[in-house]
Number of protein chains: 2
Amino acid sequence: MSKMRSECPISCSLEVFGDKWSLLIIRDLIFYQKSTYGDFLKSDEKIATNILASRLLALEENGIIEKREHPDSKAKVLYRLTNKGIDLLPIIFEIHLWAEKYFPIPEDLQEMVNDAKKNKEVALNTMMEGLRKQLEEEVV
Amino acid sequence: MSKMRSECPISCSLEVFGDKWSLLIIRDLIFYQKSTYGDFLKSDEKIATNILASRLLALEENGIIEKREHPDSKAKVLYRLTNKGIDLLPIIFEIHLWAEKYFPIPEDLQEMVNDAKKNKEVALNTMMEGLRKQLEEEVV
DNA sequence: ATTTGCACTTGCAATTTGCAAGCAAAATTA
DNA sequence: TAATTTTGCTTGCAAATTGCAAGTGCAAAT
């Protein structure tokens with residue numbers, strides 16, 4: 001957050017998640033139930049270990065994700081989206097809808113995208129509620 | 001478009017507009033009626049000339065923008081969003097709404113964002129129709 | 001007690017970005 | 001008509017970022 005390029009909301013937002021990796025990490029958190037450093041490393045796009053570390057730190061500093069104790073082991077770190085991070089879902093939803101129009105969509109996502117197309121608001125709200133519930137439950 | 005990192009719609013989309021500059025150029029086309037190389041250079045974020053040239057080329061290759069003859073002069077080049085580019089507006093809208101929640105929004109954009117919050121679908125459709133109309137008219 | 005798993009860090013090479021200057025064609029001015 | 005300015009780039013080089021491979025330190029399993 002050192003230097004802002006401008007006051008523009010698009011520009012400010014891009015400084016938070018406008019790189020090649022951040023939205024992919026957020027995607028993994030939302031759609032693939034990934035939550036650890038090792039999980040993110042396994043994604044198809046093959047992020048480098050140092051880049052992953054720097055992105056996770058930046059996302060944490062920007063309040064998009066937070067670190068938690070992992071229930072299974074002290075050696076693991078559990079990463080979770082904050083409410084601020086969960087609020088990015090509408091953007092990710094719209095990116096999916098745009099991509100659906102201009103790229104072939106993998107089978108395993110087709111159903112989700114179809115739902116989103118049929119009834120955007122409902123699909124979105126359902127998904128966001130799910131994520132927030134997950135966040136609350138674990139605090140307990 | 002040389003090498004794809006994965007089949008993921010988010011990843012594919014990011015390869016089109018997921019850098020620090022592309023969405024700002026698209027923003028300028030949508031919200032500030034900018035349409036020439038010189039216009040884009042004047043933006044607050046101060047993009048370098050070579051980077052601007054490379055981004056314009058990439059956006060054109062990806063079918064997001066197109067070059068046109070400028071009505072005023074042969075020395076000028078008119079850049080316009082294609083329909084594919086106009087379809088990015090919902091994403092940009094959602095980014096604005098997210099930003100509105102987490103950043104201070106400049107006065108000159110406040111009204112637009114308020115409209116968007118009050119009646120998202122209507123505001124979005126109005127704006128997209130306007131952009132498409134502009135695109136059609138000029139072809140004549 | 002030793003090996004394995006996990007979350008990183010470090011060093012260095014390769015790629016990308018950013019800055020400053022230059023350049024050709026078109027338009028304007030003298 | 002000639003000189004100057006505008007416009008849209010390109011080029012060369014330095015600085016920053018990214019990517020790869022090889023560690024490192026602590027926790028957990030064997």
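Which residue of chain A forms a salt bridge with Asp87(B), and how far apart are the closest N and O atoms? The points below take up this pair and its surroundings.

1. **Basis.** This is a predicted model: local features need pLDDT of at least 70, side-chain atom pairs count only at pLDDT 80 or more, and totals for chains, interfaces and linings use all residues. Residues are numbered from 1 along each chain as its sequence is written, chains are lettered from A and ligands numbered from 1 in the order written, and side-chain values use heavy atoms, without hydrogens and water.

2. **The pair in question.** Asp87(B) pairs with Lys101(A). Their closest N and O atoms are 3.0 Å apart. A salt bridge here is a side-chain nitrogen of Lys or Arg within 4 Å of a carboxyl oxygen of Asp or Glu. Chain B and chain A share two salt bridges.

3. **Polar contacts.** The interface has 12 residue pairs in polar contact, both residues at pLDDT 80 or more. Such a contact is a pair of N or O atoms within 3.5 Å; within protein, one must be able to donate a hydrogen and the other to accept it, and residues adjacent in sequence count only if both atoms are side-chain atoms.

4. **The chain B side.** Helices are DSSP runs (H or I, at least four residues), numbered from the N terminus.

5. **Contact and area.** About 3,900 Å² is buried between the chains, and carbon and sulfur atoms give 70% of it. Buried area is the accessible area (1.4 Å probe) that two parts lose on being put together, summed over both. Arg5(B), Ile10(B) and Trp98(B) supply 19% of the area that chain B buries against chain A, more than any other three residues.

6. **Salt bridges overall.** The whole structure has 20 salt bridges over all chains. One joins the side chains of Glu15(A) and Arg5(A), at 3.8 Å from N to O. Glu15(A) lies in helix α1 of chain A, and Arg5(A) in the segment before α1, 10 residues apart.

Note on methods: Helix = DSSP H or I, 4+ residues; strand = E, 2+ residues; numbered from the N terminus.
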